[in-house]
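Biologist: I would like to learn how to read the main features of a fold from its coordinates. Could we take them one at a time, with the general idea before the particular case?

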Amino acid sequence: MPVLKTRRRLRDMRPGQPLAILTSDPLAVIDIPAFCHEDGHTLLISESLADGHRFVISRGR
């Protein structure tokens with residue numbers, strides 16, 4: 001689910017614009033980096049939190 005929501009949000013953003021994502025989905029650690037790689041976005045930050053994970057993505061072209 002985090003990838004679907006992220007993809008929807010990025011559609012309305014300009015290239016280079018950052019998006020922060022907070023998730024408690026344990027598979028997001030695999031899914032979000034793979035999504036960025038496949039769709040041409042840059043994963044700026046990936047960090048574990050007490051209740052999940054935080055990502056910051058820079059929208060690609």
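Biologist: In which sense do strand 1 and strand 3 pair, and over how many bridges?

Modeller: Strands of a sheet pair through backbone hydrogen bonds, either parallel or antiparallel. Here strand 1 and strand 3 pair in the antiparallel sense over 6 bridges, where two strands count as paired if DSSP finds at least two bridges between them, and where helices (H or I, at least four residues) and strands (E, at least two) are DSSP runs, numbered from the N terminus. Within this pairing, Leu-19 stands opposite Ile-57 in strand 3, and Ala-20 stands opposite Val-56 in strand 3. This is a predicted model, in which local features need pLDDT of at least 70 and side-chain atom pairs count only at pLDDT 80 or more, while totals for chains, interfaces and linings use all residues. Residues are numbered from 1 along each chain as its sequence is written, and side-chain values use heavy atoms, with hydrogens and water left out.

Biologist: Which partners does strand 3 meet in strand 2?

Modeller: Strand 2 and strand 3 pair in the antiparallel sense over 7 bridges. Ser-46 stands opposite Phe-55, and the bridge partner of Glu-47 is Arg-54. A hairpin of 2 residues joins strand 2 to strand 3.

Biologist: In what order do the strands form the sheet?

Modeller: The 3 strands form an open sheet in the order 1-3-2, with antiparallel pairing. Strand 1 and strand 2 (42–49) are the edge strands, each pairing on one side only. From one strand to the next the twist averages 15°, axes being lines fitted to C-alpha atoms, for helices over the stretch in contact, and angles running from 0 to 180 degrees between N-to-C directions. Strand 3 is mostly covered, with 5 of its 7 residues buried; buried means under 20% relative accessible area, exposed over 50%, and partly exposed in between, with a 1.4 Å probe and protein chains only.

Biologist: How should I read the helices against this sheet, and across which strands does helix 2 lie?

Modeller: Helix 2 lies across strand 1, strand 2 and strand 3, running at about 5° to strand 3. Helix 1 lies across strand 1 and strand 3, and runs at about 160° to strand 1.

Biologist: Which residues of helix 1 are buried?

Modeller: An α-helix has 3.6 residues a turn, so residues three or four places apart point the same way. In helix 1 (residues 2–11), the buried residues are Pro-2, Val-3, Thr-6 and Leu-10. They cover an arc of only 90° around the axis, which puts them on the same side of helix 1; the arc is that of the directions from the helix axis to the C-beta atoms. Their cover includes strand 1 (18–23), helix 2 (28–39) and strand 3 (52–58), contact meaning heavy atoms within 4.5 Å.

Biologist: Is Pro-18 buried or exposed, and what is it in contact with?

Modeller: Pro-18, which is found in strand 1, counts as exposed because its relative accessibility is 53%. Leaving aside neighbours within four places in sequence, Pro-18 is in contact with Met-13, Val-56, Ile-57 and Ser-58. In strand 2 we find Leu-44, and Leu-44 touches Val-56, Ile-57 and Ser-58, not counting residues up to four places away in sequence.

Biologist: What, finally, can be said of the protein chain as a whole, and in what sequence do its elements run?

Modeller: The protein chain has 2 helices and 3 strands, and from the N terminus on its elements run α-β-α-β-β. With 61 residues, a compact globule would have a radius of gyration near 10 Å, and the 11 Å of the protein chain agrees with this; the radius is taken over C-alpha atoms, and the globule rule is 2.2 Å times the number of residues to the power 0.38. Of the 61 residues, 33% count as buried. Among contacts between residues at least 6 apart in sequence, 58% join residues at least 24 apart.
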